[in-house]
Amino acid sequence: KTNTLDDVKNRGYLKCGISESFTGFATPNDKGKWTGFDVDMCRAVAAAVFSDSSQVNFILTTSRSRFPILASGEIDLLSRMTTWTFSRDVNLGFEFAGINFYDGQGFMYKSELGIQTPNDLNGATICIIEGTQMAFNINNFFNKNILTYQSIPVEFDDEAFESFNSGRCDIYSSYMTELANKRIAFNRPEDYSIYSEIISKEPLGPVTREGDEPWSDIVFWTLNALITWDELGLEAGEGIKNIVGDTSQTPEVKRILGVEGDQGGHLGLEKDWAYWALFEVGHYGDMYERHVGVNTPLALARAGSPNASWKDGGLLYAPPIR
């Protein structure tokens, strides 16, 4: 039985699988340094293990290569746009370490159409790759809302997008993250809007190999420390230094910082494992706003989305660290 934690510690760095360049989630900057939401997940785990978020090697994976690369042990952790499904969890023998992004299929349209409600989509032309899960989701959505649409069959996603771009279709449908990425490629992104409703469930999260504790636990609890800190509304990054010395903080905050108890010891890590993840990378909200939030090119509003904290009507909810 492999012990990934020992392997990572002995090697001196984490091997993390990310996607090929995808704005907001994994992109190299002008110095060739990788940045993005998924990249930060890798860096947070490295910080939890080594107290240093730079102790990570990024390995590019495609949607086809990601699972074989993880299964073979070429990477310790997969952190790239990967939907948690029954078959991947059970049949392929992987462990999903929680959900860090709620994605889903949606619709993009030219802003001038002014689509506000499902009824505004009635009679729309949509370029569809027949026989796919996406085509099935579109059909379900229109049937549920008792609406009609005109399907224009295409063979590939690129063709669907080109047809939308040229005005052959009113609607282009894909995952919200993909729609946001496609929108920024236009000369005038503001001429295009993304309909707010999601028509499929695509919960994304980091993936490890099944039966690989405590490694899977480390990834799971690192993610949940980032979510909890955001939930508590506390400052991360440099600002976390002020909180460490504040004796008036709650027992939960002290446990996360490693000032009280020894949660880290149970994971095979130092007491202050979560402190380093939060200091080096920031909390969940920091990661979100930095890479995909309203002030980024993707402009994916967190407020009102499933990625908001449960306290704000979203789905993000972390088990207690106690």
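Helices (H or I, at least four residues) and strands (E, at least two) are DSSP runs, numbered from the N terminus.

This is a predicted model, in which local features need pLDDT of at least 70, side-chain atom pairs count only at pLDDT 80 or more, and totals for chains, interfaces and linings use all residues. Residues are numbered from 1 along each chain as its sequence is written, and side-chain values use heavy atoms, with hydrogens and water left out.

Stay with helix 12. Of its 9 residues, 7 are buried, so helix 12 is largely enclosed by the rest of the structure. Buried means under 20% relative accessible area, exposed means over 50%, and partly exposed lies in between (1.4 Å probe, protein chains only). The buried residues are Trp273, Ala274, Tyr275, Ala277, Leu278, Phe279 and Val281. Their cover includes helix 2, helix 8, helix 9 (240–244), helix 10 (251–257), helix 11 (263–267) and helix 13.

Take helix 8 from that list. The axes of helix 8 (residues 215–232) and helix 12 (residues 273–281) come within 10 Å and cross at roughly 60°. Axes are lines fitted to C-alpha atoms, for helices over the stretch in contact, and angles run from 0 to 180 degrees between N-to-C directions. The crossing of helix 8 and helix 12 is right-handed. A crossing is right-handed if the near helix is turned clockwise from the far one by less than a right angle, and left-handed if anticlockwise. Helix 8 brings Trp221, Thr222, Ala225, Leu226 and Trp229 to the contact (heavy atoms within 4.5 Å). Helix 12 meets them with Trp273, Ala274, Ala277 and Leu278. By class, the residues of this contact are 8 nonpolar, 1 polar and no charged. Here Ala, Val, Leu, Ile, Met, Phe, Trp, Tyr, Cys and Pro count as nonpolar, Asp, Glu, Lys and Arg as charged, and the others, Gly among them, as polar.

The peptide bond from Glu213 to Pro214 is cis, with omega near 0°. Pro214 sits in the loop between strand 14 (207–209) and helix 8.

Now turn to helix 2. Helix 2 (residues 37–50) packs with helix 13 (residues 284–291) at an angle of about 145°, their axes 9 Å apart. Phe37, Asp40 and Met41 in helix 2 meet Tyr284, Met287, Tyr288, Arg290 and His291 in helix 13. This contact has 5 nonpolar, 1 polar and 2 charged residues.

Ser51 lies in the loop between helix 2 and strand 4 (56–61). Its phi is near 60°, a positive value in a residue other than glycine. Ser51 is partly exposed, with a relative accessible area of 26%. Ser51 touches Ala46 and Trp276, not counting residues up to four places away in sequence. The C-alpha atoms of Ser51 and Glu270 are separated by 8.7 Å, though the two are 219 residues apart along the chain.

What of the interior? In the largest nonpolar core, of 73 residues, Leu14, Phe101, Met108, Trp215 and Trp229 touch the most other members. Helix 2 gives the most to this core, with 9 residues. A nonpolar core is a set of buried Ala, Val, Leu, Ile, Met, Phe, Trp, Tyr and Cys residues joined through side-chain atoms within 4.5 Å.

Aromatic rings come next. The whole structure holds 24 aromatic pairs. Phe25 and Phe37 form one that is edge-to-face, 5.7 Å centre to centre with 70° between the planes. Rings of Phe, Tyr and Trp (its six-membered ring) pair if their centres lie within 6.5 Å; planes under 30 degrees apart count as stacked, over 60 as edge-to-face and the rest as tilted. Both Phe25 and Phe37 are buried. One aromatic cluster is formed by Phe22, Phe25, Phe37, Phe101, Tyr284 and Tyr288.

Asn307 is found in the segment after helix 13. At 2% relative accessibility, Asn307 counts as buried. Asn307 touches Asn100, Phe101, Tyr102, Tyr284, Tyr288, Arg302 and Leu316, not counting residues up to four places away in sequence.
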